[in-house]
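Subject: Handing over a structure, with notes

Dear colleague,

I am passing on the structure shown below, and my notes on it follow. Please read them with the sequence and the coordinates open beside you.

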Amino acid sequence: MRGSIAVPGQLENQDSMLQITKEQVAQALDWPSLVEALRAAFKAGCEAPVRHHHEVATSGAGGTLLLMPAWQVDRYLGVKIATVFPDNA
């Protein structure tokens, strides 16, 4: 990565979530290094079980929580989390 993302005032209040713009992300990412890291990760392989799918009850149409873990033994672990709530469209 080229550098950290500085967002004045965001870290002072720990009750709010840090939000960054697409311009801040583009500025912070070193795309060639990212591509190489992804290439190496795909070549090395990882454990990626079938995603967990959970129904979430709501007063409307309901929703879905998706959990997608993946890891490399003795190295890295990550989880992609996605939610789908059709009433929010």
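**Hairpins and sheet**

The hairpin of β1 and β2 has 6 residues between its strands, and within that hairpin Gly62 takes a positive phi near 85°. Before going further, please note that this is a predicted model, in which local features need pLDDT of at least 70 and side-chain atom pairs count only at pLDDT 80 or more, while totals for chains, interfaces and linings use all residues. Residues are numbered from 1 along each chain as its sequence is written, and side-chain values use heavy atoms, with hydrogens and water left out.

The protein has 2 helices and 3 strands, and from the N terminus on its elements run α-α-β-β-β; here helices (H or I, at least four residues) and strands (E, at least two) are DSSP runs, numbered from the N terminus. The strands form an open sheet of 3 in the order β1-β2-β3, with antiparallel pairing, where two strands pair if DSSP finds at least two bridges between them. β1 (52-56) and β3 (76-84) stand at the edges with a single partner strand each, so one side of each is left without a neighbour in the sheet. From one strand to the next the twist averages 20°, with axes taken as lines fitted to C-alpha atoms (for helices over the stretch in contact) and angles running from 0 to 180 degrees between N-to-C directions.

The antiparallel strands β1 and β2 are joined by 5 bridges, and Glu55 stands opposite Thr64 in β2. Strand β2 (residues 63-72) pairs with β3 in the antiparallel sense over 9 bridges; Leu66 has Ala82 of β3 as its bridge partner, and Pro69 stands opposite Val79 in β3. These two strands, β2 and β3, form a hairpin with 3 residues between them, and Asp74 in the turn has a positive phi of about 65°.

Buried residues make up 11% of the 89 residues in the protein, where buried means under 20% relative accessible area, exposed over 50%, and partly exposed in between (1.4 Å probe, protein chains only). Of the 9 residues of β3 the number buried is 0, so this strand lies largely in the open. Gln72, by contrast, is found in strand β2 and counts as buried because its relative accessibility is 16%.

The largest pocket holds about 430 Å³ of space. A pocket is an open set of points on a 1 Å grid over the protein atoms alone where a 1.4 Å probe fits, with protein on both sides within 12 Å along at least five of seven lines, and lining residues have an atom within 4 Å of a point. Of the 15 lining residues, the closest to the centre are Ala37, Ala41, Cys46, Gln72 and Tyr76. Although α2 (31-44), β2 and β3 each supply at least two residues of the lining, the largest share, 6 residues, comes from α2.

Leaving aside neighbours within four places in sequence, Gln72 is in contact with Ala41, Ala44, Gly45 and Cys46, contact meaning heavy atoms within 4.5 Å.

With best regards

Conventions:
Points joined across faces, edges and corners; volume = space filled by probe spheres on them.
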